Amino acid sequence: MREFHLAPQTHTLTFPYRMEYTHPHASQLFSDHISYALNDFQAESRIICVCIGTDRSTGDSLGPLVGSFLAKKAPSHIKIFGTLDEPVHALNLQNTIQYIHSKYPKSPIIAVDACLGHLKSVGWIQVGLGPIKPGAGVKKDLPEIGQIHIKGIVNVSGFMEYIILQNTRLSVVMKMAEVISSSILMATSTNQTSSSL
C-alpha cells in the first residue's frame with residue numbers, strides 16, 4: 001500500500017483506495033485519487049481509457065458501460081477503447097494492447113474492469129496503481145494492462161462465476177458505471193488543466 005500526502009490539503013491519498021458506489025461523495029473522492037495518480041504523466045497530454053468487458057453479460061458490462069458514458073462526454077485528449085458498441089474483451093484484448101502501445105506509446109492507460117469478490121464487498125469500487133489482470137476471476141489468462149486500474153466488484157465470487165456475472169443486477173452495474181465515468185471525467189479534466197498551467 002502506497003501513501004501520498006497532498007499539500008496544502010490535510011487528507012492522505014492511499015492506494016489502493018476503495019469505497020462503496022453509494023457514498024454521496026464517491027465520484028469526487030475517486031476523482032481526487034485518479035487525478036493524483038495521473039500527475040506522474042503530466043508531460044503526456046493524451047490519456048487512454050481501456051474499458052474491458054462485454055455487453056453479453058450483465059456483470060461484465062461494467063467496463064463497456066463506463067466506456068459508453070465516457071464517449072458521450074470525454075474531451076478530445078481522452079481516447080476510449082471499449083464501449084457497448086465496440087467492446088474490448090478476451091478475444092481482442094491482446095490486439096488492442098498492441099495497437100495502443102504502437103500508436104500511443106507514452107500515454108498513461110486507465111484500465112477499467114468488473115470483478116467478483118466477497119459478499120460484503122459487492123458494490124465497492126477500487127482505484128489502484130499498476131496494471132489490472134482481466135479475467136482472473138473467471139480463470140482466464142489474459143494480458144495485464146494499465147498504469148492505473150479501476151475495479152468494480154459487481155457480485156460474489158467462489159462458485160459458477162459465469163452464471164453469477166450473467167445474473168448480476170443491471171441497476172447496480174449502471175450506477176457503478178456512472179460513478180466511475182464521472183470520476184474519470186473530473187480527474188482527467190483536472191489533470192489536463194494542471195498540466196497546461
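Because the model is predicted, local features are reported only at pLDDT of at least 70 and side-chain atom pairs only at pLDDT 80 or more, whereas totals for chains, interfaces and linings use all residues. Residues are numbered from 1 along each chain as its sequence is written, and side-chain values use heavy atoms, with hydrogens and water left out.

The protein chain contains five helices and eight strands, where helices (H or I, at least four residues) and strands (E, at least two) are DSSP runs numbered from the N terminus. Along the sequence these elements follow the pattern β-β-β-α-β-α-β-α-β-β-β-α-α. Of the 197 residues in the protein chain, 50% are buried; buried denotes under 20% relative accessible area, exposed over 50%, and partly exposed the range in between, with a 1.4 Å probe and protein chains only. Among the contacts (heavy atoms within 4.5 Å) with a separation of 6 or more, 68% are between residues 24 or more positions apart.

Strand β8, residues 148-156, is mostly covered, seven of its nine residues being buried. Strands are taken as paired if DSSP finds at least two bridges between them. Strand β6 (residues 109-117) runs parallel to β8 and is joined to it by eight bridges, while strand β7 (residues 124-129) runs antiparallel to β8 and is joined to it by five bridges. His-149 in β8 has Ala-111 opposite it, and Gly-128 likewise stands opposite His-149. Ile-153 also belongs to strand β8 and is buried, with a relative accessible area of 10%. Leaving aside neighbours within four places in sequence, the residues in contact with Ile-153 include Arg-18, Cys-115, Leu-116, Trp-124 and Met-176. Tyr-21 is 132 residues away from Ile-153 along the chain, yet the C-alpha atoms of the two are separated by 10.0 Å.

Helix α1 (residues 26-38) has 13 residues and reaches 18 Å from its first C-alpha to its last, close to the 18 Å expected at 1.5 Å a residue, the expected span being 1.5 Å times one less than the number of residues. Buried residues of α1 include Ala-26, Phe-30, His-33, Ile-34 and Leu-38. In helix α3 (residues 93-103), the buried residues are Leu-93, Thr-96, Ile-97 and Ile-100. Seen down the axis of α3, these buried residues fall within an arc of 100°, so they line one face of the helix; the arc is that of the directions from the helix axis to the C-beta atoms. The buried residues of α3 pack against β4 (47-51), β5 (78-81) and β6, whereas Asn-95 and Ser-102, on the other side of α3, are exposed.

A search of the whole structure finds one salt bridge, defined as a side-chain nitrogen of Lys or Arg within 4 Å of a carboxyl oxygen of Asp or Glu. This salt bridge links Lys-133 with Asp-141, the closest N and O atoms being 3.2 Å apart. Lys-133 counts as partly exposed, at 36% relative accessibility, and Asp-141 is exposed, with a relative accessible area of 70%.
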